[in-house]
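This briefing is for a reader who is meeting the structure for the first time. Please look over the sequence and the model before turning to the points that follow.

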Amino acid sequence: MLHPPRHFVYLDAVARAGSIRKAADTLHVASTALNRKILEIESDVGTPLFERLPRGVRLTAAGEVLIAAVRRSMADMRSAESQIEQLRGLVRGTVRIGCAESVATDLIPATIAHYQQTHPGVQFQIVSSVTGKLVASLMDDEIELVLVHDPEPSEMLRVISAVAQPLCAMLRPDHPLAGRETLRLADCQKYPVALGDRSFGSRRVLDGVMAHSRIALQVAVEASTVQTLKEFTRQTGAISFQFQIGTQNEVRRGELVSIPLTDRALTHSRLVLASRANRMLPIATLSFVEALANRLAAL
């Protein structure tokens, strides 16, 4: 197994922990020894890499530059190790993927389960969050892939696959609007609704439509998770909103119905599979990318 240089490991651990003591506990070394090593590295570089605070440390501007290079190097070493294993006839390793909550309970688990039937040596680490946070983690090489809704275009983001994902209204089957084939947001004004908080990409789009069209929704609740919104819809009959792919479980079970919204601004969303540009992905990740891209194409 390839091991990154020890000073890379030390720098990365301190940067992630924000504390020399906490990093030392993680690394199972003495905090005094770790602090001495960090000082030695700073002396070699010729500038402070961490700002010492009353409670911990944080990266200086120089530290930010160096830690980005360190993490890229560590990621490339993992990729090289993966490729060497492939040369030995093995496909194994860990795939680290960040995904939107809409795909975290159905699409991603189902794709992984099917993939592992033929690749049992590949493990997965899954992180579910909002698009902005996941893209930031991707740029920091904390994860290797993201499957998210409408990430901001960037030269640092390599789009592997993208599929259209209309925003839908989710309703109980007994709701007065449940028989409609399509809806406009204005149709929902007469009824209570449940909205995701402002960290949701869908919420920002909905707010834009409401501001432009002067639509006033009867907001009964705001929540930070999709599951809370779905459950509130089940319990109360309030309308909630979700990208189409995140509605399939409940629709399949007959618990809720999903109706596409036809307002122009709500029909252009995309579900995007991406990696960091210029990142050399491990063999296991490349193998899974192919499986996931095929699954997305089938949508």
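This is a predicted model: local features need pLDDT of at least 70, side-chain atom pairs count only at pLDDT 80 or more; totals for chains, interfaces and linings use all residues.

The points below take the chain as a whole and then turn to helix α7.

**The chain as a whole**

- The chain has 11 helices and 12 strands, and its C-alpha atoms fill a box of roughly 70 × 50 × 35 Å along the principal axes.
- Among the contacts in the chain with a separation of 6 or more, 74% are made by residues 24 or more positions apart.

**Helix α7 and its surroundings**

- Helix α7 spans residues 131-139, and its buried residues are Thr 131, Leu 134, Val 135, Ser 137 and Leu 138.
- Seen down the axis of α7, these buried residues fall within an arc of 160°, so they line one face of the helix.
- In general, an α-helix has 3.6 residues a turn, so residues three or four places apart point the same way.
- The face of α7 turned away from the buried side carries Gly 132 and Lys 133, which are exposed.
- The cover over the buried residues of α7 includes the strands β3 (93-99), β4 (122-128), β5 (145-149), β6 (157-164) and β12 (270-276).
- Just after α7, Asp 141 takes a positive phi of about 60°.

Methods. Residues are numbered from 1 along each chain as its sequence is written. Side-chain values use heavy atoms; hydrogens and water are left out. Buried means under 20% relative accessible area, exposed over 50%, partly exposed in between (1.4 Å probe, protein chains only). Helices (H or I, at least four residues) and strands (E, at least two) are DSSP runs, numbered from the N terminus. The arc is that of the directions from the helix axis to the C-beta atoms. Contact means heavy atoms within 4.5 Å.
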